[in-house]
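This briefing covers a predicted model.

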Amino acid sequence: MAKLKFRTLDQQSPSFWGLIVLHLVVVATGLGAALYMEEHGHIVTGMSNQVVWGLPHVFAVFLIVSASGALNVASVSSVFNRLAYKPYARLSGILAIALLLGGLAVLVLDLGRPERLIVAVINNNFKSIFAWNIYLYTGFIAIVGAYLFVMMDRRASQSAPTMKAMGWVAFAWRLILTTGTGSIFGFLIAREAYDAAIMAPLFISSSFLYGLAFTVLVLLMMSRETLSDLMPEEMVEKFSGLLMIFAFTTLYFTIVQHLTKLYAAAHVGVETFLLRDGGVYTIAFWFGQIVIGTLAPVAVLFFRGSGFSARSALTLASILFLFGGLAQMYVIIIGGQVYPLKLFPGMDVSSSFFDGAVGSYVPSAPEVLLGVSGISIAMLIAALAMRLLPFLPQAEPKGS
Amino acid sequence: MSAADRRTFLKSAVGLGATTLAPGITLYAFGPAASAETAPVSAAKRWALLIDINKCPSGCDLCVSACRKENGWKSTGHAATDAQWIRKVTLRDPETGKTREAPVMCQHCANPACVDVCPTGASFKRADGIVLVDKHICIGCRYCMMACPYKARSFVHEELTDQKTNAPRGKGTVESCTFCVDRIDAGRIPACVEACAAEGGAAMTFGDLNDPKSDISKAVSAAASSQIRADLGLDPGVRYRNL
């Protein structure tokens with residue numbers, strides 16, 4: 001096999017600069033929104049004592065889950081030894097770090113006291129999965145950073161065992177990390193929509209899907225920017241196939257999750273709410289997650305044709321998968337909270353504190369701005385990294 | 001060593017020995033009230049509350065208003081975001097239509113879910129069973145609110161004014177019933193219990209579950225009582241009768 005060559009993002013079109021400026025504006029408004037929330041308190045959000053995690057968490061968890069999935073391509077190349085994926089391993093690594101930082105930024109800026117972040121570093125309660133996650137996230141950045149070093153350093157990259165070992169460590173770490181993210185919900189005994197071990201594998205499978213969708217979209221974008229074909233036909237096929245597999249796996253875990261709850265008489269209420277009577281949450285589930293976010297993109301990929309048509313299909317499907325991912329997180333995070341806690345099973349309850357009532361939540365503008373800025377933060381970090389260091393594969397000259 | 005030096009040394013040695021070996025005795029020298037306020041909290045006690053809801057009249061909210069007055073939380077007109085440390089929950093049996101009311105607040109669990117999930121340890125349980133939030137290290141992540149099955153906690157959504165010195169609160173942090181910990185440490189009972197006994201149905205009995213001679217221990221052993229969501233295994237320190 002020819003020696004792989006990599007390049008930086010050394011030429012940018014006006015439309016690319018336009019995109020960078022747009023991201024900068026989004027980040028600036030997001031930070032402004034966070035300051036506004038910090039100044040006035042969460043009263044300026046749609047959150048309440050009933051819905052304590054709002055849209056920023058939807059974006060943050062979505063990005064954190066996507067981050068570990070973005071590392072897929074690198075893992076496939078070094079852990080599973082698939083050489084075809086190797087040109088994309090560096091990009092997948094840097095994208096993983098960028099997405100994680102974007103998600104964490106949103107998570108931290110949505111804290112009631114974001115300026116106390118240092119407290120979370122100094123004081124740790126090791127029984128808290130949140131505290132574990134602090135180490136899982138920082139560890140992920142360090143490990144993927146080291147992994148990238150091994151890939152990019154002239155001498156280190158010569159050592160196949162080192163590469164393999166780093167690949168394995170990073171792969172294991174990303175699985176543990178997403179287990180941790182899923183378990184933030186899985187460990188919550190209080191809320192009927194959560195409290196299930198399946199949250200961890202569900203999140204892992206979702207991460208494969210969203211992470212790859214992000215990677216594919218960035219690759220396609222970079223192909224346009226570098227005026228070279230970074231994704232040959234063969235890879236379009238491979239990525240399309242993988243995305244379909246991940247979509248079906250996520251659908252499978254989603255079905256098992258809901259069926260298990262539906263089977264138990266005690267939880268029929270919450271399932272009926274989410275799947276049938278939940279209004280916006282029911283729509284987000286069936287229309288957002290299942291139709292737009294799973295079935296439509298799978299159909300698009302299935303009938304993708306070849307050449308330009310296949311490439312457009314892959315672009316469209318990836319966008320739809322990401323949209324579905326946001327819908328899925330919305331249903332899980334917000335839908336799971338608006339359903340009331342059951343303090344007195346078998347009783348109809350009411351109180352001035354909204355006991356027994358379905359919570360209402362409408363995200364406010366600052367929340368939307370903060371949430372969306374997480375994506376822009378990730379994209380800016382990725383773009384800057386690609387500008388500075390050779391993360392992008394050098395397309396082989398035609399006919400070679 | 002001069003005589004004066006020797007005397008100083010002996011004095012401090014005695015002082016050190018006294019505080020190390022017999023802190024209780026030393027503190028007792030300042031009188032029982034001071035002792036209660038400064039003595040270390042001991043696991044020998046388990047503060048608990050028993051509420052007989054048959055004695056809790058419908059529409060009475062003396063416990064709620066007493067808590068408000070004592071701890072300074074109040075309505076700001078934003079019902080969805082206003083803190084509520086204690087609330088009256090109306091229970092209606094869908095079969096019979098019979099309704100009752102029960103005051104619900106932090107249940108001061110022996111195995112509190114909020115303490116387990118708190119990343120910084122701001123949510124903590126005192127040795128005597130009182131579950132509190134350390135407002136200095138709460139980062140406002142609200143994971144405890146996600147984890148509490150009793151909806152006992154509130155997040156402070158906006159700027160506060162007129163705080164009570166005995167119950168400091170903070171925008172961007174989480175809070176809940178403290179069992180009026182400052183009163184307990186001063187040898188008094190929680191404000192809700194006091195108000196209920198003075199003007200209400202005397203539905204609340206507060207005391208040390210570990211002391212077999214306490215009113216609450218006697219009451220709990222005399223007749224059946226139950227805990228809300230006992231199935232979750234959190235062992236709440238608030239028990240209910242006739243629930």
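How many residues of chain B are in contact with how many residues of chain A? The contact involves 45 residues of chain B and 40 residues of chain A.

- On the side of chain B that touches chain A, at least two residues each come from strand E2 (86–92), helix H5 (113–117), helix H6 (143–147) and strand E6 (154–155) of chain B.
- E2(B) supplies the largest share of that side, with six residues.
- Sorted by class, the side of chain B that touches chain A holds 23 nonpolar, 11 polar and 11 charged residues.
- E2(B) also pairs with strand E2 (residues 348–350) of chain A; the pairing is antiparallel and runs over three bridges.
- Within E2(B), B:Arg92 is the residue that stands opposite A:Asp348.

**Chain A as a whole**

- Chain A contains 13 helices and three strands.
- Its radius of gyration is 21 Å, close to the 21 Å that the globule rule gives for 400 residues, so chain A is as compact as a globular protein of that length.
- The C-alpha trace of chain A spans about 75 × 45 × 40 Å along its principal axes.
- Buried residues make up 52% of the 400 residues of chain A.
- Taking contacts in chain A between residues at least 6 apart in sequence, 77% join residues at least 24 apart.

**Helix H10 of chain A**

- Which residues of helix H10 (residues 268–277) of chain A are buried? They are A:Val270, A:Glu271, A:Phe273 and A:Leu274.
- On the face of H10(A) turned away from the buried side are the exposed residues A:Val268, A:Arg276 and A:Asp277.
- A:Gly279 follows H10(A), and its phi is positive, near 60 degrees.

Methods: Residues numbered from 1 in each chain as written. Chains lettered and ligands numbered in written order. Predicted model: local features only at pLDDT ≥ 70, side-chain atom pairs only at ≥ 80, totals over all residues. Contact = placed C-beta atoms within 7 Å. Helix = DSSP H or I, 4+ residues; strand = E, 2+ residues; numbered from the N terminus. Nonpolar A, V, L, I, M, F, W, Y, C, P; charged D, E, K, R; others polar. Pairing = 2+ DSSP bridges. Buried ≥ 20, exposed ≤ 12 C-beta atoms within 10 Å, placed from the backbone. Rg over C-alpha atoms; globule rule 2.2 N^0.38 Å.
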